[in-house]
Amino acid sequence: MSAGLAALIAGLFVVPLALLWSGHRLRRRTSRYRAVFWGALLGHLVASSIALLVSIFPPTEWAATDFWRGFGGYWLPVLLPALGAIIGALRRTAAPLNS
């Protein structure tokens with residue numbers, strides 16, 4: 001299994017399962033935890049949209065050396081949720097939820 005295929009599988013299955021698990025009882029968590037969750041979720045949504053757009057290009061335009069297609073389709077669904085979670089963790093204060 002190549003590293004790109006492992007990243008694709010992680011982006012398709014591991015990241016959504018981790019978000020599903022971490023969203024359980026979200027209202028009872030700290031504001032930093034909620035910010036990490038929402039950052040990761042937003043990163044996953046953006047990465048999924050980019051991966052979908054990249055996958056629409058016709059196969060005649062693909063090349064074996066096409067870096068951006070592989071990066072957008074394989075690696076962004078793993079990297080952007082992690083980046084969003086890091087940005088959420090680095091926020092000083094998160095807006096409180098009105099419960």
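Helix H1 (3–22) and helix H3 are among the elements that cover the buried residues of H2. The model is predicted. Two packed helices are described by the angle between their axes and the distance between the axes. Both pairings below are described that way.

**Helix H2**
- H2 has 26 residues.
- From its first C-alpha to its last, H2 reaches 38 Å, close to the 38 Å expected at 1.5 Å a residue.
- Its buried residues are Arg34, Ala35, Phe37, Gly39, Ala40, Gly43, His44, Ala47, Ala51 and Val54.

**H2 against H3**
- H2 (residues 31–56) packs on H3 (residues 67–90) at an angle of about 165°, and their axes lie 6 Å apart.
- Angles over 145 degrees count as roughly antiparallel, so H2 is roughly antiparallel to H3.
- The crossing of H2 past H3 is right-handed.
- On the H2 side, the contact includes Ala35, Gly39, Ala40, Gly43, His44, Ala47, Ala51 and Val54. These residues are also listed as buried in H2.
- On the H3 side, the contact includes Gly72, Gly73, Leu76, Pro77, Leu80, Pro81, Gly84 and Ala85.
- By class, this contact has 15 nonpolar, 7 polar and 2 charged residues.

**H1 against H3**
- H1 and H3 pack at an angle of about 50°, with axes 7 Å apart.
- That angle makes H1 oblique to H3.
- H1 and H3 cross in a left-handed way.
- H1 contributes Ala3, Gly4, Ala7, Leu8, Ala10, Gly11 and Val15 to the contact.
- H3 contributes Gly73, Tyr74, Trp75, Pro77, Val78 and Pro81.
- The contact of H1 with H3 has 10 nonpolar, 3 polar and no charged residues.

Conventions. Residues are numbered from 1 along each chain as its sequence is written. This is a predicted model: local features need pLDDT of at least 70, side-chain atom pairs count only at pLDDT 80 or more; totals for chains, interfaces and linings use all residues. Side-chain values use heavy atoms; hydrogens and water are left out. Axes are lines fitted to C-alpha atoms, for helices over the stretch in contact, and angles run from 0 to 180 degrees between N-to-C directions. Helices (H or I, at least four residues) and strands (E, at least two) are DSSP runs, numbered from the N terminus. Angles under 35 degrees count as roughly parallel, over 145 as roughly antiparallel, 65 to 115 as roughly perpendicular and the rest as oblique. A crossing is left-handed if the near helix is turned anticlockwise from the far one by less than a right angle, and right-handed if clockwise. Contact means heavy atoms within 4.5 Å. Ala, Val, Leu, Ile, Met, Phe, Trp, Tyr, Cys and Pro count as nonpolar, Asp, Glu, Lys and Arg as charged, and the others, Gly among them, as polar. The expected span of a helix is 1.5 Å times one less than its number of residues. Buried means under 20% relative accessible area, exposed over 50%, partly exposed in between (1.4 Å probe, protein chains only).
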